[in-house]
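Student: I am new to this structure, and I would like to go through it with you step by step. Could we begin once it is in view?

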Amino acid sequence: MLDARTLQQLTDIVGAENIATGVQDLICYGYDATQMEFLPDAVVHPDSAEQVSKILQLANKENFPVFPRGAGSGFTGGALPKGGGVVLVTTRMNRILRIDTDNLVAEVEPGVVTEAFQMEVEKLGLFYPPDPASLKFSTLGGNVAECAGGPRAVKYGVTKDFVMGLEVVLPTGAIIRTGGETVKGVVGYDLTKLLCGSEGTLGIITKIIFKLLPYPDSKKTMLTVFDSIDGAARAVSTIIKNKIIPTTLEFMDHATLTCVERRFNLGMPESARAVLLIEVDGDRDLIEKQAGQIHKLIEPLGLVQFRVAKDAAESEELWRVRRLVSPSLRDVNPDKFNEDIVVPRSKVPDVIRRIELIQKRYDIPIVNFGHAGDGNIHVNIMIDKSVPGQLEKAHEAIKEVFQAALDLGGTMSGEHGVGLAKQPYIPLELNADQITAMKSIKAALDPNNILNPGKMLP
Amino acid sequence: MTKKHTDPLERVAQEMKKCVKCGACRANCPAFGTFQREPATARGKVALAQHLVKGDITLDDGTYSAMSKCLLCGSCVDKCPNQVPTDEIVIAAREALAQRRGLTTFHKAVGQVIKNRKLMNFGALAAAIFGPVFFRKVPSTSGLRLRFPMPFIGGSRHIPQIAKKPFMKRHPEIIKGEPGKPTIVFFVGCMTNFVYTEIGEATLALFRHLGCTVIIPQGQQCCGLPGMSGGDLETVRELAEQNLAAIEKHQADYVMTACATCGGALHKLYPLVIGKRNPELKARLQAVADKTVDAAVLLQKLGLHPEETGTGQRLRVTYHDPCHHRTAGIAKQPRTLLKETPGLDLVEMEGADRCCGLGGTFNVYHYESSLDINAGKSKAIIDTGADAVVTGCPGCIMQLSDGLKQAGDKTRVLHTVELLARKIRR
């Protein structure tokens, strides 16, 4: 618990209207999308790097933990105040500072909502591709801290591929800049890359410099239905082998299609066993040609339906199939664990087969969909927590799913991070030396372990 | 906590479980947009309601304040991946809080006024009683001002005049139409009856033009939604029963409203909220709900000829979706009517389906925030360069007029039926 004197000092830093200790605020800043809840002792809303720095200096002096938080939309508990302390919310720092059209860079504060930023750059004919499913409400600071991905990663990469530089308040309170605005730059360690995906354990991001691209001229959306999971997976590798890199290659397995169909009755063919939603973007003539090539390439792979959107409205209609997945899943069971394993894309059918076996062994429904283009599969383990024994079974099944991904040369998280949820499984992927190296970095930057303690590393 | 106090929340406890706290509700919630604090989000309110059910947070001012930060616009429900009915949960929480703490002075006054037609018929008298009650609660230094349409409250606010003679007093109960044409019960609503009587006149003219028999049940009352806004479900139930009786007296093909809010009450909220509490009433409420239809939708359904509705003027118009239309899926029909009307150019504003900030009594409790939401709306309207903004809810008309006047803009604010009835009434 924070004493009255410390609370007063925090109040002096951020102002009385930007600190809350009422139980309602503590509850509302103690959850995220994991279904876990921990109450902090106070919630602060700073509006500058200087205020963040003062809070961290105070935290070191008075020895209380600080948990940075954006929109609180994480899937792994990265922003949860486990053990109590101060939640530091970055949403007041929400200005787009500049968009430099000469150099194609932008500087923003961490609390800017991802979609709001995209819309601003698009007005100038520019493009910020990372598009996590939460883009309408998640913040850019959170996206960087978790290294968010999204369906466009297959062509454009993930958040870290667009971060050129940062302003960061280190756990001790020092304000530093990393990276810069130049494409090239090799002086010193690449702290920018270290901080991207560090889940708020190494510093609090207060400014971000993003790389921008020209907005693609046009795009084409195709909904393709296959009679087998193998056909869909082979379609992915065939397209890429033929030197076409689509913007997205979203995948839905049979279990997913059954859920969507049962709830929304979209009229999928009887023989549908897997769906690939393919989008290509770029020059209008080129994408027309690519769409034709894609059709020809995947035709022999058990294709049972091929629909191409003629315009934006039809494209939205095709995307609807993918967007309906989430609301459909709850019909299977009320509680879900959404894991986001990654395997090399050619191994997608192998991992799905392994997951099917796990599903049978534990007798729990598992629904798979996701970003086939980069091998990032969302494995949804659907349970009813109120049924005795199901939670335990789910944890066992999750462990086996992770092991399957690792056996096939993959990783246990592509875009959600570790946080609290995947922490127990870390030793499956990282060996003792790797963990020691990472812990040394944490100890060097945060000697008193006040910044987001207890997260990520075991 | 006694059993009685947790009842309303326990009724929606299962619905609360659907919320996975993903945060999608942050994107569209107008209350969160203005307060920028998590307790104002839908998931925040669900979390608080869950703690209320468990009985582990005290029902202090903080919880009351959080629950008051909702316009009941339903945008969170629309966009929620799991379709969590946060509007229902907030209504239940407000009722639970009202049962525990008692209604606020303001909401007691609201309840007294909306239950008492005689009182409402004497607008000035109502104002005389209502005004002081309100001003005791809200000191003038707070920046809050009376938002009920009272003619004697001046200042910088635009407040519409109360009509000299209420709409319902001007017309008989039954206005006979042509044989074989539909019979329509017109649920008038307070704003149309007492303030914007021209909406009532236009509606009546249009349906008479179509040959319909229009019945204006004299026993009808306020729909009760201002009471629901404050957790006064007892008043809403009383009014629902009276309205039901007034409507059921007549054999009609349709129950028609020209007010999105009244439509929302009759069509959705009565069966959902009152029906849940009173199973005997449920079937009757549902029967009326099934017949309830919005004026614009019914005009289209009955085949109003667009060429008969032209105004003779070239007008650039933009359309604002009232929340109670959006949640009922009414969006295309009024637009189609406007598009087909000769002389009208319909231009879309940004965020046409975003709440105007009125939100029942939200705008009384959170006046600054209501203004903030309204300012965004005004900007979107002004940006279209339209001559008039058209909508289907008298409450929105009041709020939009206020916002535009405060922004120093002269864009007119009209109800869809007013625009359509011009030529017919000439």
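Student: Is B:Arg237 buried, partly exposed or exposed?

Tutor: This is a predicted model, and the answer rests on computed accessibility. The relative accessible area of B:Arg237 is 23%, and buried would require a value under 20% while exposed would require one over 50%. B:Arg237 therefore counts as partly exposed.

Student: Which residues of chain A are joined into one network by salt bridges that share partners?

Tutor: By the rule used here, the count over all chains comes to 41 salt bridges. Where salt bridges share partners, they join residues into one network, and the members here are A:Arg98, A:Glu107, A:Arg177 and A:Glu181.

Student: How many residues apart are B:Asp87 and B:Lys268?

Tutor: B:Asp87 and B:Lys268 form a salt bridge, with 3.3 Å between the closest N and O atoms. B:Asp87 is buried at 10% relative accessible area, whereas B:Lys268 is partly exposed at 31%. The pair links distant parts of the chain, since B:Asp87 belongs to helix α7 (residues 86-101) of chain B and B:Lys268 to helix α16 (residues 260-277) of chain B, and the separation is 181 residues.

Student: What is the N to O distance in the salt bridge of A:Glu316 and A:Arg323?

Tutor: A:Glu316 is partly exposed, with 41% relative accessibility, and A:Arg323 is partly exposed as well, with 47%. Their side chains meet in a salt bridge, in which the distance from N to O is 3.2 Å.

Student: How many salt bridges are there between chain A and chain B?

Tutor: The two chains do touch, for 27 residues of chain A are in contact with 28 residues of chain B. Across this interface the rule finds 12 residue pairs in polar contact, with both residues at pLDDT 80 or more. The salt bridge count between chain A and chain B, however, is 0.

Student: Which three residues supply 28% of the area that chain A buries against chain B?

Tutor: Chain A and chain B bury about 2100 Å² between them, and 54% of that area is on carbon and sulfur atoms. Of the part that chain A buries against chain B, 28% comes from three residues, more than from any other three: A:Gln24, A:Tyr31 and A:Arg330.

Student: Which elements pack against the buried residues of α14(A)?

Tutor: Helix α14 of chain A, residues 390-407, has 18 residues and reaches 25 Å from its first C-alpha to its last, close to the expected 26 Å. Its buried residues include A:Ile398, A:Val401, A:Phe402 and A:Leu406. The buried residues of α14(A) pack against β16 (335-342), α13 (348-362), β18 (376-383) and α15 (426-429) of chain A.

Student: Which residue with a positive phi follows α14(A)?

Tutor: Helix α14 of chain A covers residues 390-407. The residue that follows α14(A) with a positive phi, near 85°, is A:Gly409.

Note on methods
Residues are numbered from 1 along each chain as its sequence is written. Chains are lettered from A and ligands numbered from 1 in the order in which they are written. This is a predicted model: local features need pLDDT of at least 70, side-chain atom pairs count only at pLDDT 80 or more; totals for chains, interfaces and linings use all residues. Side-chain values use heavy atoms; hydrogens and water are left out. Contact means heavy atoms within 4.5 Å. Buried area is the accessible area (1.4 Å probe) that two parts lose on being put together, summed over both. A salt bridge is a side-chain nitrogen of Lys or Arg within 4 Å of a carboxyl oxygen of Asp or Glu. A polar contact is a pair of N or O atoms within 3.5 Å; within protein, one must be able to donate a hydrogen and the other to accept it, and residues adjacent in sequence count only if both atoms are side-chain atoms. Helices (H or I, at least four residues) and strands (E, at least two) are DSSP runs, numbered from the N terminus. The expected span of a helix is 1.5 Å times one less than its number of residues. Buried means under 20% relative accessible area, exposed over 50%, partly exposed in between (1.4 Å probe, protein chains only).
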